[in-house]
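I opened the model today and kept notes as I went. The entries follow the order in which I looked things up.

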Amino acid sequence: MKKIAIIDYGAGNVQSVIFALERFGHNAFLTNQANKIKQADKVIFPGVGEAKSAMKALTELGLNKLIPALTQPVLGICLGMQLMCTHSEENDTEALGIFPVQVKRFNSELKVPQIGWNQIWNLKCDLFKGIDEKSFMYFVHSYYVPENEFSIANSDYGINFSAAMNKDNFYACQFHPEKSGILGHEILRNFLEI
Amino acid sequence: MLTKRIIACLDIKDGRTVKGINFINLRDVGDPVEQGYFYSEQGIDELVYLDITATKENRKTFAELVTKIAKRINIPFTVGGGISSIEDVGILLGSGADKISINSSAVKNPDLIDQLAGKYGSQCVVLAVDAKNIDGKWMVHLVGGRVPTQIEMFTWVKEAENRGAGEILFTSMDHDGTTGGYANEALRKMSKLVNIPIIASGGAGTIQHFADAFNVGNADAALAASVFHDNVIPIPHLKEELRKMGIAIRI
């Protein structure tokens with residue numbers, strides 16, 4: 001049985017990630033303990049909410065140093081992905097710096113936040129094994145990561161943006177796989193197989 | 001391209017699904033968890049669960065139901081009905097809900113919107129507004145549409161946006177239960193006024209009504225209940241037809 005740690009820093013609906021994993025037979029545990037996170041086979045770094053207060057919570061727990069130093073596969077989701085970047089325009093927040101890219105605010109005629117189902121394409125890496133190009137995923141966000149050399153999936157909302165990224169053992173997706181129906185579950189399952 | 005969302009609304013009373021016609025006649029239509037799961041398999045984009053008889057006593061029962069829903073269903077869902085405090089919201093989000101909708105409590109205490117957006121983020125705060133056109137003015141009504149107020153709807157939704165609401169769920173009481181179409185003119189005006197997504201509610205009777213809510217009303221999502229519960233419009237058929245009309249729809 002794989003040990004799956006979900007990083008607990010008070011960030012939004014982590015319960016749905018746990019439930020999603022349970023649906024295909026995996027028990028994940030919620031923790032903010034450094035040793036438990038380090039010993040896990042996989043780490044999920046979720047997040048819903050505001051960047052600055054999330055970074056503050058991570059720093060208070062000492063997780064801002066721990067997360068970038070992890071060596072097992074780590075999956076950041078939504079705000080988790082944004083916090084893995086160097087900096088976010090959301091309240092001018094210095095983030096974890098795993099991906100050397102900047103998070104920007106949507107600045108278009110379109111409504112912000114983007115809420116709903118959008119397509120992803122240019123799928124690369126095993127995270128998207130068995131997932132067709134232009135599959136629909138569920139997004140909820142006001143900030144985005146521009147396309148960059150680490151992008152393994154793209155999407156668009158007025159502008160093309162990075163829907164997922166990978167660098168070494170770090171994976172990240174802007175959409176919510178835990179809320180993206182069967183295909184989202186496949187992505188979580190793929191992550192557990194990495 | 002971001003798609004327009006089709007949302008099914010399930011009214012909950014004593015742990016069971018009910019649909020009120022014009023907010024009055026109640027009729028049992030089933031188990032909320034299995035019904036929601038059925039809709040998710042059919043391709044619904046989101047679900048809304050409204051606890052229509054919310055009282056302090058059954059709050060715990062509703063939270064338990066929310067957990068059952070969250071365990072079973074792999075698409076986003078919103079819960080609402082009688083939410084009046086940060087504590088209520090904490091319990092429901094902690095039980096697995098993705099978003100909460102507030103209505104009367106936000107009108108009585110608008111600061112609640114700021115507090116919830118600050119604590120949990122705008123993305124999970126849906127401002128529900130029930131309104132009626134009275135002498136050419138859309139007026140906000142409370143308690144499931146029973147109590148009129150002196151608050152003008154467009155002023156209110158703009159204030160709610162400024163305070164941090166992430167979405168507006170607008171139910172036209174003039175259209176709800178009529179199956180004669182959504183309040184497209186008001187929707188269109190609201191869509192120009194605010195820069196957050198708007199969910200149209202009240203009046204769906206045909207596939208064309210959904211198309212009109214999107215094309216004429218500029219709604220980002222359309223919510224319905226009876227037409228789905230009674231299988232008047234099967235969800236896969238609805239989505240196919242809307243896509244044929246050139247509307248961005250997830251299939």
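**Entry 1: chain A overall**

I began with the secondary structure of chain A, which comes to six helices and 13 strands. Helices (H or I, at least four residues) and strands (E, at least two) are DSSP runs, numbered from the N terminus. Next I checked the radius of gyration of chain A: 15 Å, close to the 16 Å that the globule rule gives for 194 residues, so chain A is as compact as a globular protein of that length. That radius is taken over C-alpha atoms, and the globule rule is 2.2 Å times the number of residues to the power 0.38. The C-alpha atoms of chain A fill a box of roughly 45 × 35 × 25 Å along the principal axes.

I noted the ground rules before going on. This is a predicted model, in which local features need pLDDT of at least 70 and side-chain atom pairs count only at pLDDT 80 or more, while totals for chains, interfaces and linings use all residues. Residues are numbered from 1 along each chain as its sequence is written, chains are lettered from A and ligands numbered from 1 in the order in which they are written, and side-chain values use heavy atoms, with hydrogens and water left out.

How much of chain A is buried? I found that 62% of its 194 residues count as buried. Buried means under 20% relative accessible area, exposed over 50%, partly exposed in between (1.4 Å probe, protein chains only).

I looked at contacts too (heavy atoms within 4.5 Å). In chain A, among contacts between residues at least 6 apart in sequence, 68% join residues at least 24 apart.

Chain A exposes about 7400 Å², and carbon and sulfur atoms supply 46% of that area. Accessible areas come from the Shrake-Rupley method with a 1.4 Å probe; for residues, only the protein chains shown count as cover.

I then counted charges: 18 positive and 20 negative side chains in chain A, with the centres of the two sets 5 Å apart. Lys and Arg count as positive and Asp and Glu as negative; His and the chain ends are not counted. Each charge is placed at NZ of Lys, CZ of Arg, CG of Asp or CD of Glu.

**Entry 2: strand S3 of chain A**

Which way do the residues of S3(A) point? In this strand (residues 42–45), Lys42(A) and Ile44(A) point one way, Val43(A) and Phe45(A) the other way, and all are buried. I followed S3(A) to its partners; two strands pair if DSSP finds at least two bridges between them. S3(A) pairs with S1(A) (residues 4–7) in the parallel sense over three bridges. There, Ile6(A) stands opposite Ile44(A). Three bridges also join S3(A) to S4(A) (residues 74–77), again parallel. Phe45(A) has Gly76(A) as its bridge partner in S4(A).

**Entry 3: an open sheet in chain A**

I traced four strands of chain A that form an open sheet with mixed pairing, in the order S6-S5-S7-S10. S6(A) (93–94) and S10(A) (143–144) stand at the edges with a single partner strand each, so one side of each is left without a neighbour in the sheet. S5(A) (residues 85–88) and S6(A) run antiparallel, joined by two bridges. His87(A) has Glu94(A) as its bridge partner in S6(A).

- Val112(A) and Pro113(A) are joined by a cis peptide bond, with omega about 5°. I placed Pro113(A) in the loop between S7(A) (99–105) and S8(A) (114–120).
- Asn91(A) is not a glycine, yet has a positive phi of about 50°. Asn91(A) lies in the loop between S5 and S6 of chain A. At 47% relative accessibility, Asn91(A) counts as partly exposed.
- Lys134(A) also has a positive phi, near 70°. I found Lys134(A) in the loop between S8 and S9 (135–141) of chain A.

**Entry 4: chain B**

Chain B has 10 helices and 12 strands. Its radius of gyration is 17 Å, close to the 18 Å that the globule rule gives for 251 residues, so chain B is as compact as a globular protein of that length. Buried residues make up 60% of chain B.

I finished on S4(B) (residues 46–51), where five of the six residues are buried. S1(B) (residues 5–13) runs parallel to S4(B), with six bridges between them. S4(B) also pairs with S5(B) (residues 77–80), in the parallel sense over four bridges. In that pairing Leu47(B) stands opposite Phe77(B).
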